[in-house]
Number of protein chains: 2
Amino acid sequence: MAKDKKTPRPRAETPKGFRDYFGTDVTERTEMLHRIAGVYHRYGFDALESSAVETVEALGKFLPDVDRPNEGVFAWQEADDGDRGDWLALRYDLTAPLARVYAQHRNDLPTPYRRYAMGPVWRNEKPGPGRFRQFYQCDADTVGTASVAADAEICAMLADCLEAVGIARGDYLIRVNNRKVLNGVLEAMGVSDPAVQADVLRTIDKFDKVGEAGVRELLGKGRLDASGAYIDGVGLSDAQAEPVIAFLTSKGETAAETLDNLRSAVGSAPVGAEGVDELSQIADLLAAGGYGPDRIVIDPSVVRGLGYYTGPVFEAELTFEILDEKGRKRQFGSVAGGGRYDDLVARFTGQKVPAVGVSIGVDRLLAALREKGRMGGDATGPVVVTVMDRDRMADYQAMVAELRAAGIRAEVYLGNPKNFGNQLKYADKRNAPAAVIEGADEKARGVVQVKDLALGKKIAESASLEEWKEHEAQAEIPRAELVQHIQKLLAGEV
Amino acid sequence: MAKDKKTPRPRAETPKGFRDYFGTDVTERTEMLHRIAGVYHRYGFDALESSAVETVEALGKFLPDVDRPNEGVFAWQEADDGDRGDWLALRYDLTAPLARVYAQHRNDLPTPYRRYAMGPVWRNEKPGPGRFRQFYQCDADTVGTASVAADAEICAMLADCLEAVGIARGDYLIRVNNRKVLNGVLEAMGVSDPAVQADVLRTIDKFDKVGEAGVRELLGKGRLDASGAYIDGVGLSDAQAEPVIAFLTSKGETAAETLDNLRSAVGSAPVGAEGVDELSQIADLLAAGGYGPDRIVIDPSVVRGLGYYTGPVFEAELTFEILDEKGRKRQFGSVAGGGRYDDLVARFTGQKVPAVGVSIGVDRLLAALREKGRMGGDATGPVVVTVMDRDRMADYQAMVAELRAAGIRAEVYLGNPKNFGNQLKYADKRNAPAAVIEGADEKARGVVQVKDLALGKKIAESASLEEWKEHEAQAEIPRAELVQHIQKLLAGEV
């Protein structure tokens, strides 16, 4: 502190890769998460908010075998009574903390334990355009049951969530696949070498991009890609590759047809048959709940996450089209995904605990809602009561108090009131729908002026001189009718 | 990873001083903050969610003049391309980030800028009972205006917030004081030595505990405290001490009387007179908005924060009584506080920017609402549909889908259904209001059994044998009337 005078001023900047959210950025996300939480709750899921900070040991993926174990996470070592303490870190997702919480509290939690969680997570990665080091996740998981009814339930819940936030039926599709079917396919191919299996998985992941013919080439001798580079193939024979192709292209007109195709793709492999049976049960359960193929379908072309999950996997896609940066039409695409995973808690307890979960991409879904114009209803600013006479601040406060009591967002201008133009500029910056003016003259006559700023803006943007003259974006009304007039103005009735 | 087999299992524990929040812990807080945000919004305040991570430089209080600048904050050094990068830290409050945001974005923000923020903050302090290293804050601040109308507005808003979350009028009181009046008192005392001023401030802070006589002693020669220790006094004469005593005891029957008393306490000191005038204006503005002394009062005995703030200070107290740990009645006490501070942004820009803000103690207010029984309405668990026949899972899924469509929280039991007793135990653990049972017999007859678990619990707790026999906590109803029956049951009508 003695050096205060020499200390240069600090830079007013967020750390690299972090950002601030203003106004509707915050409230629209809050509103969306509020609606999703409502659906989760109705399905019997309980809220969980674990601490943002975990021990590196509990997070697991990033063991402290180097001095600073902060690859991928933000981590630091506790100063514990002068001694070096535990390494702590910010959570990088909501699943690792769920594992820790379940292991810690499993005797007090119901079995199965349905929980949802929403909140920020942190990644210590190189930031890029649109890629931030703090972002929201929104998860729901069922821990402690192997029943596919839990998987079906989460798919149904996901559909309900999308509709609850404003995605219309027909604008989304939840596609369900099963890792076990793929395991059956690998068995049917006679591929048991884990390295080759990994190669096959990687190839399957490229199906979306290179299509059936491309996958055939990549599973066989290899492929010349668009850049002219030659990509080595996995080296399987055509016959060996056939079950993968059959798997990837097994989508039929109906669930029954798809399931039949899958049954032939997996042949006699027991794990494959088990996988197809599970998909069949999921389809039945969903049908019983009224979730038909207009909302949820069995679709073996879902490949994302097949490497990670152990059973059913699912993905929610928004099917409406948007224009990309280059003005080309494309489907909006994936906004949520999940599946079954079984080694969540074993790290802590040694016991395998079956679990299934879903994660909704908060930023993606929010972007989709904005795209569809389902957000932004509350983006209008407050009614601004201007200050014509600094000594009559109490009068202006009384006006906003009346407006607020009627549920109308309102504020008194609290900057320097000398320059009236600045007050209107301020109202404009606040996106105010109206400004209220009460000078000494108005006060004496018991009236106020109300400027319809929204209308004024519209006229300024598009009106011809004649229209401009015809419209009156300012009205003089009795002071006693202020609230009533503003209500009408906001409803578009004046 | 090669050492995996030797790695001991990680401990499933939160780091010391951190905790997890389950179920209603989360949802009740969310609901409370949602209501507060609604009031803030109506007053024209905009949401701001700044990043949880700031540079240590921007946070300011904790400059990196030692190797690990993590006294009080959780901090770490960025590994920046192999080089040592910036020190980063978790925010310790919401005000320091506001300063950084305002300095960074001041050209784009309206002036004045009204913003609210709610979220977790982190303190690297020794944890203790009920004292955690991560907790919520909920702030509203107006930056860029010196007008006391901004102070009055925040006091009114605080009153509205308390009522919006469920604190009835009469159960709270917002007390307003002014640091400038105290400065006037110090001037009137002839105390200009900053060290003596600090001593006087410390003494004033003890007014709540030691009362008028104690303060007199402590300002003079000193005082024997309850433990028998002698506390040295400030060493002022009785005449010098008089203005402080007059200040602390100036609360009158009405605001006018209090203000008169304060005017004599500050004597001819100009800053004191200015402070009294400001309080007078605040009282007038609040009265104009309908906020009378039943809700907000001028009260010079508010001393908390006087050392920190530069102008008006205020504190919200809940006036109803609760029983403390020892069963003694005491007032619930303070749940929010704030005031005017003027050097928020100067660190970054060199320019003083006037600001006023309030911070609501989230955990304290939530505890108060629970104390008053204003929370907990949604603590009932889901209706649990039991599984009598594992093969008819689709039937049970259809039931919960119907219940959910009617807005009723419901779930199918997804554990191992073999032992029916376990299913009822589960329903009990979930705090389910009802369990639904449909075995093969019921299915054939088109009926279901509904067990009223809430009623069953009540009977088990308090009923005599006769009452027990009279009551029927289980009903057989037609399957088609399931939703209707559960609705009645939840409404207490069956």
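Author: The account below begins with the sheet and then turns to its helices, the interface and a few loops.

This is a predicted model, in which local features need pLDDT of at least 70, side-chain atom pairs count only at pLDDT 80 or more, and totals for chains, interfaces and linings use all residues. Residues are numbered from 1 along each chain as its sequence is written, chains are lettered from A and ligands numbered from 1 in the order in which they are written, and side-chain values use heavy atoms, with hydrogens and water left out.

The open sheet consists of nine strands with mixed pairing, in the order β1(A)-β2(B)-β6(B)-β7(B)-β14(B)-β13(B)-β12(B)-β8(B)-β11(B). Here helices (H or I, at least four residues) and strands (E, at least two) are DSSP runs numbered from the N terminus, and two strands pair if DSSP finds at least two bridges between them. At the edges stand β1 (21–22) of chain A and β11 (296–298) of chain B; each has a single partner strand, so one side of each is left without a neighbour in the sheet. Within the sheet, β7 (residues 134–143) and β14 (residues 355–360) of chain B are antiparallel partners joined over six bridges. In this pair, B:Ala140 is placed opposite B:Val358 of β14(B).

Two helices of chain B pack on this sheet. Helix α4 (residues 148–165) touches β6 (113–122), β7, β8 (172–178), β11, β12 (312–323), β13 (329–341) and β14 of chain B, and its direction makes about 15 degrees with that of β14(B). Helix α12 (residues 362–371) touches β7, β12, β13 and β14 of chain B, its direction making about 145 degrees with that of β13(B). Such angles run from 0 to 180 degrees between N-to-C directions, the axes being lines fitted to C-alpha atoms, for helices over the stretch in contact.

One residue of helix α4 of chain B is B:Ala156. With a relative accessibility of 6%, B:Ala156 counts as buried (buried means under 20% relative accessible area, exposed over 50%, partly exposed in between, with a 1.4 Å probe and protein chains only). Neighbours within four places in sequence aside, B:Ala156 is in contact with B:Tyr43, B:Leu286, B:Tyr291 and B:Ile296, where contact means heavy atoms within 4.5 Å. Its C-alpha atom is separated by 9.1 Å from that of B:Gly290, 134 residues apart along the chain.

In it, 101 residues of chain A are in contact with 101 residues of chain B. The two chains bury about 8800 Å² between them, 52% of it on carbon and sulfur atoms; buried area is the accessible area (1.4 Å probe) that two parts lose on being put together, summed over both. Across this interface the rule finds 18 salt bridges, a salt bridge being a side-chain nitrogen of Lys or Arg within 4 Å of a carboxyl oxygen of Asp or Glu. One salt bridge joins the side chains of B:Arg11 and A:Glu57 (2.9 Å, N to O). Helix α13 (residues 393–405) of chain A gives the most to the side of chain A that touches chain B, with six residues.

Finally, ten of the eleven residues of helix α3 (residues 95–105) of chain B are buried. In the loop between α3 and β6 of chain B lies B:Pro112, joined to B:Thr111 by a cis peptide bond with omega about -5 degrees.
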